[in-house]
Protein chains: 2
Amino acid sequence: MAIKIESHQNKIFKRVKGLNLRKNRDKEGVFVAEGLRFISEIPLDWPVELFLMTEAFAEENGVELFENRAATYILSEELFSLLSDTENPQGVLAVCKKQKEDREKIWLKEDSFFLLAEELNDPGNLGTVIRTADASGVDGIFLSKGSVDVYNPKVLRATMGSIFHVPVFQNIALDDISSELKNRGISLYAAHLKGECLPYHLSLQKSCAFLIGNEARGLSQDAANLCDQWVKIPMPGQAESLNASIAAGILLYEVVRQRLR
Amino acid sequence: MAIKIESHQNKIFKRVKGLNLRKNRDKEGVFVAEGLRFISEIPLDWPVELFLMTEAFAEENGVELFENRAATYILSEELFSLLSDTENPQGVLAVCKKQKEDREKIWLKEDSFFLLAEELNDPGNLGTVIRTADASGVDGIFLSKGSVDVYNPKVLRATMGSIFHVPVFQNIALDDISSELKNRGISLYAAHLKGECLPYHLSLQKSCAFLIGNEARGLSQDAANLCDQWVKIPMPGQAESLNASIAAGILLYEVVRQRLR
């Protein structure tokens with residue numbers, strides 16, 4: 001039976017409310033997935049701790065499917081809106097465990113490809129990068145220290161569920177990962193306005209990785225220096241730069257193109 | 001000499017405040033460019049009606065360069081913040097005239113390419129689409145009825161100045177423009193999840209145009225039916241769709257790639 005929460009002094013309520021802070025998500029190793037569409041993307045084998053829903057949502061959608069999977073709590077619209085990150089809440093959220101991604105496992109595949117990013121700060125941008133990387137079939141995403149938290153609700157929403165599909169590693173020291181790539185013979189390409197090579201001239205059928213920079217500043221010199229080659233996306237028009245997620249999309253899709261049979 | 005505005009009853013102040021509504025921008029044929037970076041993108045021959053700046057901005061940057069170009073008004077931070085669309089205003093904005101784009105002119109170029117979009121609703125998305133289209137060297141952008149206004153401050157900010165570089169036509173009837181393209185022998189390709197052709201297999205060296213759909217719904221059946229061919233961007237990963245601006249970027253950059261010498 002679903003359990004009712006009737007006060008904002010309730011322990012579960014207070015705990016979920018606390019999860020809008022990164023430090024609490026980090027400490028507990030969980031995150032909040034909100035909305036029916038997003039929740040429907042949670043894979044069956046992904047650990048869910050609990051569901052919270054409004055009375056209206058429970059009446060319309062039933063609670064059984066949720067209860068069968070994890071503890072399910074029902075609360076008023078008013079209380080729910082205090083937990084929601086959206087303006088028009090759909091009335092359902094899940095507290096999910098973060099997946100402990102196995103960094104060794106991602107190296108096992110032959111001809112893999114990876115995306116690295118330095119200090120991406122815009123939540124919508126990072127979410128779109130993850131969604132795009134997922135679509136392209138990337139084998140892993142590495143985010144440097146100083147990036148926005150991937151479990152920030154706005155990032156999660158923009159991933160459209162891709163957070164459940166692609167291994168994302170946070171708080172990565174870029175010099176560590178670049179050494180690791182080097183040791184494994186995987187070329188690391190920087191997306192750089194001063195690059196001299198076009199993406200179309202790279203050999204991307206073998207394992208490779210791309211590093212993209214911050215939305216406003218681009219790549220730091222230190223980060224750019226870690227790369228084997230600087231790649232410039234051509235801009236025959238007048239814009240001086242591309243949005244970070246667009247740059248990622250163009251580079252990752254060049255891998256897709258080159259690997260089509 | 002710059003003129004001081006000291007009350008929110010001031011006519012200029014009230015007029016500029018009114019420009020946050022689309023109907024007033026439409027009626028007056030002007031829009032607001034905010035922030036120093038954005039203003040620095042205004043081409044020299046673009047008509048500017050007036051500048052508004054805070055006392056602090058005027059002290060730090062001087063007013064001469066602005067005054068030489070258009071009437072310049074100075075007001076307090078408090079009044080300025082009532083006009084600003086950003087949380088941390090830089091203290092300067094310009095009221096610019098909309099450019100009357102000449103629809104005949106864009107057909108003059110040989111081997112041109114165009115982007116059409118149906119009901120793009122997200123301001124950041126539309127701005128990024130325009131910026132990306134500019135970078136790729138597109139010759140014109142056509143937005144269907146029901147799209148967010150291109151002169152919405154959030155759209156403008158996301159264009160990063162590209163609004164000054166690319167002709168954008170709003171409130172377009174898609175059946176009109178598709179007929180016009182057909183009459184001119186320009187192929188129109190729909191970005192469509194049910195497409196059977198990959199963008200890499202199209203011949204994009206001759207004139208062409210792409211039509212992308214709404215962020216959530218994709219293309220309507222009616223709009224898709226106007227196109228010569230449906231194109232599918234491959235998704236070897238698990239994501240079910242791409243963000244509209246990413247899809248536009250991948251398609252437009254396939255034109256760029258095919259046209260490189």
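Contact is taken here as heavy atoms within 4.5 Å. The model is predicted, so local features need pLDDT of at least 70 and side-chain atom pairs count only at pLDDT 80 or more, while totals for chains, interfaces and linings use all residues. Residues are numbered from 1 along each chain as its sequence is written, chains are lettered from A and ligands numbered from 1 in the order in which they are written, and side-chain values use heavy atoms, with hydrogens and water left out.

The interface of chain A and chain B comes first. Chain A brings 32 residues to the contact, and chain B brings 32 residues. The size of an interface is often given as the accessible area lost when the parts come together. Buried area is that loss on putting two parts together, found with a 1.4 Å probe and summed over both. Between chain A and chain B it is about 2,700 Å². Carbon and sulfur atoms give 61% of this area. Three residues, Arg131(A), Ile246(A) and Tyr253(A), supply 20% of what chain A buries against chain B, more than any other three.

Polar links also cross the interface. A polar contact is a pair of N or O atoms within 3.5 Å; within protein, one must be able to donate a hydrogen and the other to accept it, and residues adjacent in sequence count only if both atoms are side-chain atoms. Between chain A and chain B, 12 residue pairs are in polar contact, both residues at pLDDT 80 or more. Helices and strands are DSSP runs numbered from the N terminus (helices H or I, at least four residues; strands E, at least two). On the side of chain A that touches chain B, α7 (123–136) and α11 (244–259) each supply at least two residues. The largest share, 8 residues, comes from α11(A). By class, this side of chain A has 14 nonpolar, 12 polar and 6 charged residues. Here Ala, Val, Leu, Ile, Met, Phe, Trp, Tyr, Cys and Pro count as nonpolar, Asp, Glu, Lys and Arg as charged, and the others, Gly among them, as polar.

Salt bridges were examined next. A salt bridge is a side-chain nitrogen of Lys or Arg within 4 Å of a carboxyl oxygen of Asp or Glu. The interface of chain A and chain B has 0.

Asp149(A) pairs with Arg22(A), with the closest N and O atoms 3.9 Å apart. Asp149(A) lies in the loop between β7 (140–144) and α8 (153–159), and Arg22(A) in helix α2 (residues 22–28), so the bridge ties together parts of chain A that are 127 residues apart in sequence. Accessibility is classed as buried (under 20% relative accessible area), exposed (over 50%) or partly exposed (in between), with a 1.4 Å probe and protein chains only. Asp149(A) is buried at 3%. Arg22(A) is partly exposed at 26%.

A salt bridge also joins Asp228(A) and Lys182(A), at 3.9 Å from N to O. Asp228(A) sits in the loop between α10 (221–225) and β11 (229–231), and Lys182(A) in helix α9 (residues 174–183), so parts of chain A that are 46 residues apart in sequence are tied together. Asp228(A) is partly exposed at 44%, and Lys182(A) is exposed at 53%.

His192(A) lies in the loop between β9 (187–191) and β10 (208–212) of chain A. This residue is buried, at 16% relative accessible area.
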